[in-house]
Amino acid sequence: MDRRITNHPILGALPGRETVSIYVDGREVEARAGEPIAAALLAAGIDVFRHTEKYNQPRGLFCAIGRCTDCVMIVNGQPNVRTCVTPVEDGMRVETQTGRGRWGESR
Amino acid sequence: MKTLEAEVVIIGGGIPGVAAAYYLAKAGRKVVLLERSEVGGEASGRNGGGVRQQGRDPAELPFAMASVKIWETLDEEVGIDTEYRQWGNVWTATSESGMRDLEERWKRERASGLPVEMLDHKGVEEITGVRVRRVIGGKYCPTDGHANPIFATKAYGKAASRAGARVFEHTPVTGIRAGNGEIEAVLTKDMEVRTGTVVLAAGPWSPEIGRMVGLEMPVQPVRSQLLVTEQVPGFFRQFVIWTDGDEGSYWRPTLNGNIHIGDGGSLDDELNTFKQATTLPVIEHMAKATAAIFPDLAGVSIIRSWSGTIAATPDFLPIIGPCEAVKGLIFATGYSGHGFCLGPISGKLVCELVTTGDSSIPLEEVSWRRFESGAVQSKGRVV
């Protein structure tokens with residue numbers, strides 16, 4: 001599934017760019033080099049980034065500018081990383097976070 | 001001009017003031033408390049929340065030990081969860097000289113009946129349950145702990161009101177009327193509170209009040225800056241301190257999973273100031289110390305910074321007890337950054353002094369008199 005806008009009525013055609021691979025809960029997802037993690041996830045059809053601590057409710061992208069912390073996930077073993085302002089890197093491991101998350105084994 | 005009568009007027013709504021108001025009101029005394037801003041609005045509500053006995057000056061240790069006894073049942077007393085948890089205090093060292101200092105204190109504290117134990121690096125990691133770097137070892141006191149400063153101070157204030165004390169916030173004291181060396185009334189912008197007894201619990205603003213009765217008080221305002229991290233997954237439960245010579249930081253895990261980070265205030269910019277802005281050098285120092293000692297916290301976000309103003313005396317010991325020069329004046333101030341832990345016992349002692357004229361802990365070493373005799377030597381740095 002690819003939800004990218006490849007032909008925008010004003011911005012025109014999506015320019016080509018190098019791609020990298022990130023691993024979301026173990027599944028390989030293709031991302032455009034330098035884009036925020038959140039953009040790659042949305043493009044791949046992933047809307048739920050984490051579940052809340054008290055009520056286990058799903059959360060995803062909200063403010064998209066690094067303020068609200070709704071989009072945090074565990075990235076390379078580090079919990080609470082704001083995916084909307086963190087660029088993808090090749091081989092990055094991204095995990096859906098539950099509550100406050102957990103520390104990964106290798107950081 | 002409104003006129004009130006009170007048996008005791010307490011100046012200052014920090015924890016020493018509201019605790020005194022609570023115990024005095026409970027003992028049936030007519031109490032008025034005057035606070036220039038709001039209860040717990042200054043250092044009592046802005047501090048790191050440590051309730052600690054280990055590492056105290058020997059002269060202060062009996063007060064800290066007695067205060068912890070009160071903290072242990074304080075929630076029942078004030079009727080809320082103040083988030084006081086007796087989860088221990090780990091004091092760490094990163095140098096051989098720091099370890100020697102901890103060992104000396106350990107010997108002294110054991111002799112005073114404090115159940116402290118020495119830890120090596122592995123011991124610190126085992127007790128805290130987290131990875132620790134640079135630390136050679138530490139000292140652990142299981143009966144120490146921490147609490148929520150805002151909750152505890154406000155709860156004491158509310159309990160004082162419920163017990164019958166009249167607490168006036170946003171009511172700065174403008175003057176004290178005395179005749180023949182005896183206090184007659186405390187004045188505010190639109191009140192005159194007639195009283196024979198005044199408790200001076202105004203922290204760093206104490207010298208201002210002291211001058212109203214002709215006293216020059218050696219109390220200096222010192223800024224203490226703090227940070228708080230975002231909520232993190234399970235971390236240590238203890239209050240953790242690190243010192244090395246003039247450097248040092250401390251960490252308190254809140255019940256919500258945030259970590260409060262504080263600093264001892266060793267930089268010159270922190271001394272003799274009422275400024276409450278936070279500054280980059282101190283924030284950087286705290287953040288670097290945190291990342292260096294706790295590698296797991298290196299990537300964690302800081303979400304807020306703030307500061308409070310502590311009242312430092314030349315020997316960093318509080319001033320508790322009567323003033324011989326001004327009849328009816330009782331000091332409960334100059335806590336030098338230790339007032340949150342000591343607030344409950346301070347309140348009890350003030351109550352004892354008012355109701356019996358005596359105190360259950362000798363007050364000689366924390367007396368006002370020690371300044372008059374010139375025996376006080378300035379000590380290095382506030383911890």
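Me: Where is B:Asn258 found?
Reply: In this predicted model, B:Asn258 is found in the loop of chain B that runs between strand E16 (247–253) and strand E17 (259–263).

Me: Buried or exposed, that B:Asn258?
Reply: B:Asn258 counts as buried because its relative accessible area is 13%, and the cut-off for that class is under 20%.

Me: What separates the C-alpha atoms of B:Asn258 and B:Gly234?
Reply: The C-alpha atoms of B:Asn258 and B:Gly234 are separated by 9.8 Å, while the two residues are 24 residues apart along the chain.

Me: Switching to salt bridges, how many does a search of the whole structure find?
Reply: Over all chains, the search finds 29 salt bridges.

Me: What meets the side chain of B:Lys26?
Reply: The side chain of B:Glu77 does, in a salt bridge with an N to O distance of 2.7 Å. B:Glu77 lies in helix H4 (residues 74–78) of chain B and B:Lys26 in helix H1 (residues 15–26) of chain B, so this pair ties together parts that are 51 residues apart in sequence.

Me: And how exposed are B:Glu77 and B:Lys26?
Reply: B:Glu77 counts as partly exposed, at 25% relative accessibility, whereas B:Lys26 is exposed, with a relative accessible area of 51%.

Me: Which residue forms a salt bridge with B:Arg56?
Reply: That is B:Glu60, and the closest N and O atoms of the pair are 3.6 Å apart. B:Glu60 counts as buried at 1% relative accessibility, and B:Arg56 is buried as well, with a relative accessible area of 4%.

Me: What about B:Arg46 and B:Glu42, how do their side chains meet?
Reply: Their side chains meet in a salt bridge, with 3.9 Å from N to O. B:Arg46 is partly exposed, with a relative accessible area of 22%, while B:Glu42 is buried, its relative accessible area being 17%.

Me: Which residues are linked in a network of salt bridges?
Reply: The network links B:Glu5, B:Arg177, B:Glu184, B:Glu192 and B:Arg194.

Me: B:Arg194 is in a strand, I think; which residue has it as bridge partner?
Reply: B:Arg194, in E12(B), is the bridge partner of B:Ala185. E11(B) and strand E12 (residues 191–194) of chain B run antiparallel and are joined by 3 bridges, and the hairpin between E11(B) and E12(B) passes through 2 residues.

Me: How do E10 and E11 of chain B pair?
Reply: Strand E10 (residues 173–179) and strand E11 (residues 182–188) of chain B pair in the antiparallel sense over 6 bridges, with B:Val173 having B:Thr188 as its bridge partner in E11(B). The hairpin of E10(B) and E11(B) has 2 residues between the strands, and B:Asn180 takes a positive phi near 50° there.

Me: Over in chain A, which residue in the turn between E7(A) and E8(A) has a positive phi?
Reply: A:Asn76 does, at about 50°, in the hairpin that E7(A) and E8(A) form with 2 residues between them. The two strands run antiparallel and are joined by 3 bridges, and the bridge partner of A:Val72 in E8(A) is A:Arg82.

Me: Which way do the side chains of strand E7 point?
Reply: From strand E7 (residues 72–75) of chain A, A:Val72 and A:Ile74 point one way and A:Met73 and A:Val75 the other way, and all are buried.

Me: Now the surface: which residues of chain A gather in a patch of negative charge?
Reply: A:Glu18, A:Glu28, A:Glu30 and A:Asp90 gather in that patch. A:Asp90 is found in the loop between strand E8 (78–82) and strand E9 (93–95) of chain A, and A:Asp90 counts as exposed at 60% relative accessibility.

Me: And which residues form the nonpolar patch in chain B?
Reply: B:Ile80, B:Ile150 and B:Phe151 form it, with about 240 Å² of accessible area together. B:Ile80 has its place in the loop between H4 and strand E5 (89–93) of chain B, and B:Ile80 is partly exposed, with a relative accessible area of 36%.

Conventions: Residues are numbered from 1 along each chain as its sequence is written. Chains are lettered from A and ligands numbered from 1 in the order in which they are written. This is a predicted model: local features need pLDDT of at least 70, side-chain atom pairs count only at pLDDT 80 or more; totals for chains, interfaces and linings use all residues. Side-chain values use heavy atoms; hydrogens and water are left out. Patches are made of residues with over 30% relative accessible area and no salt bridge: like charges are joined within 9 Å, nonpolar side chains (Val, Leu, Ile, Met, Phe, Trp, Tyr) within 5 Å. Accessible areas come from the Shrake-Rupley method with a 1.4 Å probe; for residues, only the protein chains shown count as cover. A salt bridge is a side-chain nitrogen of Lys or Arg within 4 Å of a carboxyl oxygen of Asp or Glu. Lys and Arg count as positive and Asp and Glu as negative; His and the chain ends are not counted. The place of a charge is taken as NZ of Lys, CZ of Arg, CG of Asp or CD of Glu. Helices (H or I, at least four residues) and strands (E, at least two) are DSSP runs, numbered from the N terminus. Buried means under 20% relative accessible area, exposed over 50%, partly exposed in between (1.4 Å probe, protein chains only). Two strands pair if DSSP finds at least two bridges between them.
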